[in-house]
Amino acid sequence: MEILSADQIRAWDEYTMRHEPITSIDLMERAAASCLSWLEKSGYSGRSFSIYCGKGNNGGDGLALARLLSVLDCSVTVHILEFGHLGTEDFQINLARLHQTPAEVRFVQGADNFHPVPAGDILIDALLGSGLNRKLEGVAAQLVTHLNQSGNEIIAIDIPSGLFVGSSSKGNISICARHTLSFQCYKPAFLMPENAGQVGQVHILDIGLHPGYLQQVTGESELLDAGIIQAIYKPRKSFAHKGNFGHALLVAGSYGKMGAAVLASRACLRSGVGLLSCQVPGCGYSILQTTVPEAMIVTDADEKIHTAFPGDLATYSVIGAGPGIGTDPRTADLLGDLLRRFQKPMVVDADALNILASHPAFLAILPPYSILTPHPKEFERLFGPSPDDFARLDKAREQARQHQCIIVLKGHYTFIAMPGGKSYFNSTGNPGMAKGGSGDVLTGILTSLLSQSYSPGEAALLGVYLHGLAGDLAALSWSPESMLPSDLTDHMGKAFGHIQKTR
């Protein structure tokens with residue numbers, strides 16, 4: 001699913017009106033009907049509604065919805081934020097239609113016109129839509145604050161008033177919605193952690209915008225969905241053998257952190273690698289041989305940390321490095337040696353990222369198309385602080401291009417920046433995965449897929465999606481609170497099965 005800017009979404013509306021064809025007022029009616037349908041399906045029938053409208057087309061959506069609710073005998077009061085001028089043409093048409101219903105219409109000219117919000121009313125925010133380009137001030141800001149302080153449930157239409165679609169609204173006054181009903185595609189603002197308290201749960205409603213528009217436009221980002229993943233996934237051939245699925249090397253674990261090596265190794269095997277070798281310090285030999293009998297173990301001369309890899313790296317399809325290895329100077333030297341000697345894409349995570357951050361010169365010798373998997377703090381250590389979430393993603397795109405690597409910035413909607421400039425947000429996963437060890441599982445999955453002849457970009461997209469999907473399946477089995485990172489690995493089989501069924 002493409003993630004589009006405000007201008008692109010507006011152009012999609014216009015394209016639909018020309019090519020369907022449909023009038024703007026009828027398209028507005030379709031949007032309002034989709035909101036009504038969602039309200040009915042979500043158990044809001046028979047409730048009382050206070051609907052707050054600006055005088056633009058977002059307000060027109062609110063007026064149309066108010067009329068449809070009133071026709072169903074819901075108690076509806078409409079509050080129109082007055083700016084001293086007529087609204088858009090479609091707003092005025094819907095206002096005239098609304099006057100033919102029992103709905104009460106009030107005009108808000110200043111704070112002295114704010115009416116007490118009735119307890120139990122559902123508040124519909126249709127004040128300001130995706131065209132907003134400056135922060136709220138004056139009466140609009142006061143009204144939004146008044147609604148937020150009411151304690152009533154707020155449902156935003158299109159986008160919570162006060163949020164910008166494609167840039168940071170951090171610190172700005174904006175509606176804090178429990179639900180946001182938006183149309184046809186995700187907007188960038190919905191995917192940013194800084195907006196979580198404003199957008200609530202996002203619901204994308206299909207209003208039948210013309211699909212032909214998407215054939216001539218490309219967004220900067222896409223939302224990973226089943227269609228993209230099905231195009232990437234490669235079913236195994238009947239006569240395949242283990243040599244077809246690569247030989248991966250995981251460099252993981254240290255004294256007290258061998259669990260990271262176990263988690264990454266088990267995930268790597270459950271994701272389909274043909275052969276797996278694990279380099280661990282001497283203290284990890286018995287642990288890995290016992291917990292992961294399918295893996296071959298290479299031990300370091302040191303009992304507690306990684307110091308050197310004596311073998312021939314040419315035998316490996318891919319190296320995944322970082323989980324639990326620590327940041328001892330001798331381990332940093334080992335990582336530098338691996339980066340210089342290994343010419344194929346690597347997966348770099350956890351302590352390996354921290355070593356890169358403290359040895360910036362290592363970035364210059366990173367094998368092209370390697371996959372880096374930082375969480376926000378690791379990303380900041382690597383590339384410096386960012387003032388807001390939008391700036392952080394811009395920086396991820398820039399660094400992916402500069403270093404010709406793939407950056408997987410982990411979060412609720414994990415962000416994948418490709419070296420060619422394209423980027424993706426993941427659509428799977430849940431808060432139950434916010435536990436130490438989940439990243440180690442991801443490292444194992446990515447290392448496995450990269451060894452199986454998936455391109456680095458394909459491995460990153462498929463791996464992140466599968467990781468989140470396994471998490472969603474684990475949450476169903478255990479609940480987000482109770483699930484463990486090892487449960488992700490245990491649900492990888494079902495995750496692959498889900499992809500196979502939907503092909």
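Predicted model: local features only at pLDDT ≥ 70, side-chain atom pairs only at ≥ 80, totals over all residues.
Residues are numbered from 1 along each chain as its sequence is written, and side-chain values use heavy atoms, with hydrogens and water left out.

**View 1. Strand β7 and its two partners.** Helices (H or I, at least four residues) and strands (E, at least two) are DSSP runs numbered from the N terminus. In a regular strand the side chains alternate between the two faces of the sheet. In β7 (179–183), both faces are covered, with His179, Leu181 and Phe183 buried on one side and Thr180 and Ser182 buried on the other. Pairing (at least two DSSP bridges between two strands) joins β7 to β6 in the parallel sense over three bridges, and Ile155 stands opposite His179. Strand β8 (residues 201–205) pairs with β7 in the parallel sense over five bridges, and here Thr180 stands opposite Val202.

View 2. Five bridges join β5 to the parallel strand β2 (residues 49–53), where Cys53 stands opposite Ala126. Three bridges pair β5 with β6, again in the parallel sense, and the bridge partner of Leu123 in β6 is Ile154.

**View 3. The surroundings of Ser161.** Ser161 is found in the loop between β6 (154–157) and β7, and it is buried, with a relative accessible area of 0%. The side chain of Ser161 reaches the backbone nitrogen of Leu128 at 2.9 Å. Leaving aside neighbours within four places in sequence, Ser161 is in contact (heavy atoms within 4.5 Å) with Asp125, Leu127, Leu128, Leu136, Ser174 and Ile175.

**View 4. The open sheet of 11 strands.** This sheet has mixed pairing and the order β1-β9-β18-β17-β16-β15-β14-β13-β10-β11-β12. Because β1 (2–3) and β12 (296–299) stand at the edges, each with a single partner strand, one side of each is left without a neighbour in the sheet. Strand β11 (residues 275–280) runs parallel to β12 and is joined to it by four bridges, with Val280 standing opposite Thr299.

**View 5. Helices α13 and α1.** Helix α13 (residues 389–403) lies across β9 (221–223), β16 (406–409), β17 (415–417) and β18 (423–425), running at about 35 degrees to β17; axes are lines fitted to C-alpha atoms, for helices over the stretch in contact, and angles run from 0 to 180 degrees between N-to-C directions. Helix α1 (residues 6–19) has 14 residues and reaches 20 Å from its first C-alpha to its last, close to the 20 Å expected at 1.5 Å a residue, the expected span being 1.5 Å times one less than the number of residues. Within α1, Ala6, Gln8, Ile9, Trp12, Tyr15 and Thr16 are buried.

Definitions and conventions:
Buried < 20%, exposed > 50% of the residue type's maximum accessible area, 1.4 Å probe, protein only. Polar contact = N/O pair within 3.5 Å; in protein donor to acceptor, adjacent residues only side chain to side chain.
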